[in-house]
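User: Could you walk me through this model? I'd like the overall picture before we get into details.

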Amino acid sequence: MLPALYAAAAGMEAQQNHLDALSNDIANVSTTGYKSLRVDFHDLLYQSAGRGGGPGVLTGSGAASALFGRNYEQGALEPTERPLDVALEGPGFIKVRDANGNEALTRDGSLCLSPDGRLRTSTGQLLEPNVKIPAGVDPSEVEIAPDGTVTAAGRRVGQISVVTVANPDGLEPEGENLFRQTAASGPLRAAQGTTVQQGALESSNVDIGTATVEMMNAQRGFQLTSKAIQTQDEVLAVANGVKR
């Protein structure tokens, strides 16, 4: 009976992890450039059923969930008409510097100017390399070409660096919609075929309808596994009473 209890507990944990991932997705449904989480389930170890189980009969130890990275499908591009907003059309990331001065990656193109005129993200990360708008130039005079070239009042002032990696699932999330390159992701390289669209932002790729349905299913799964634990507890209580 105890193996059945452990299997049900493993199922509860798997469903709870799934609920956590879905909750995170739904919370970020309005986050610019957010990529939804991918969760999958796999069986735990099987073992012989033992006495009375018959030859070749195996019993499982339940299921577990695992985070398999993110869904990097393109989100919808929403026009904003703000000259400093940019959206990436195609794979890749904008390269920035985080608060610790380390290189980081983001799909959030809601840019603004720092006090000294450098382009930065809405959460404060400066573009890498720096792109500085000369003093006295109004944002309406800033133009950003599809290849990321930035001109201010007709003068070239820099370029938005758009990069990618061989294995995006290997990127490590840092919070604030940032990712960090790791050995598992592979080195940074220039994104091929990706264009920068000025005056637009990429929406989150979370489908709220699908996420809501999946959350309802995960909640039902959690309730069923918790009911299985309750049933096993009742059976054990009866068995203990018989033994006395």
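**Overview, pocket and sheet**

Analyst: Of the 244 residues of the protein, 38% count as buried. Please keep in mind throughout that this is a predicted model.

User: How many helices and strands are there in the protein?

Analyst: The protein has two helices and 20 strands. Among its contacts between residues at least 6 apart in sequence, 63% join residues that are at least 24 apart.

User: Switching to pockets: how much space lies in the largest pocket, and which residues lie nearest its centre?

Analyst: The space in the largest pocket comes to about 230 Å³. Its lining is made up of 15 residues, and those nearest the centre are Leu 22, Asp 25, Ser 36, Leu 37 and Glu 214. The elements giving two or more residues to this lining are α1 (2–27), β1 (37–43) and α2 (208–243).

User: Which of those gives the most to the lining?

Analyst: That is α1, which contributes four residues to the lining of the largest pocket.

User: Where does Ser 36 lie, and is it buried or exposed?

Analyst: Ser 36 lies in the loop that runs between α1 and β1. Its relative accessible area is 10%, and since the cut-off for buried is under 20%, Ser 36 is therefore classed as buried.

User: What does Ser 36 touch?

Analyst: Leaving aside residues up to four places away in sequence, Ser 36 touches Asp 25, Gly 69, Arg 70, Asn 71, Asn 205 and Val 206. One of these, Asp 25, is also among the residues that lie nearest the centre of the largest pocket.

User: Let's change topic. What is the order of the open sheet of three strands?

Analyst: The order is β12-β13-β14, and the pairing is antiparallel. At the edges stand β12 (142–144) and β14 (155–159), and because each has a single partner strand, one side of each is left without a neighbour in the sheet. On average, and with direction ignored, neighbouring strands of this sheet are turned by 25 degrees against each other.

User: Over how many bridges do β13 and β14 pair?

Analyst: Strand β13, which covers residues 149–152, pairs with β14 in the antiparallel sense over four bridges.

User: Which residue in β14 is the bridge partner of Thr 149?

Analyst: The bridge partner of Thr 149 in β14 is Gln 159.

Definitions and conventions:
Residues are numbered from 1 along each chain as its sequence is written. This is a predicted model: local features need pLDDT of at least 70, side-chain atom pairs count only at pLDDT 80 or more; totals for chains, interfaces and linings use all residues. Side-chain values use heavy atoms; hydrogens and water are left out. Two strands pair if DSSP finds at least two bridges between them. Axes are lines fitted to C-alpha atoms, for helices over the stretch in contact, and angles run from 0 to 180 degrees between N-to-C directions. Buried means under 20% relative accessible area, exposed over 50%, partly exposed in between (1.4 Å probe, protein chains only). Contact means heavy atoms within 4.5 Å. On a 1 Å grid over the protein atoms alone, a cavity is a set of points where a 1.4 Å probe fits but cannot get out, and a pocket is an open set with protein on both sides within 12 Å along at least five of seven lines; lining residues have an atom within 4 Å of a point. Grid points are joined across faces, edges and corners, and a volume is the space filled by probe spheres set on the points.
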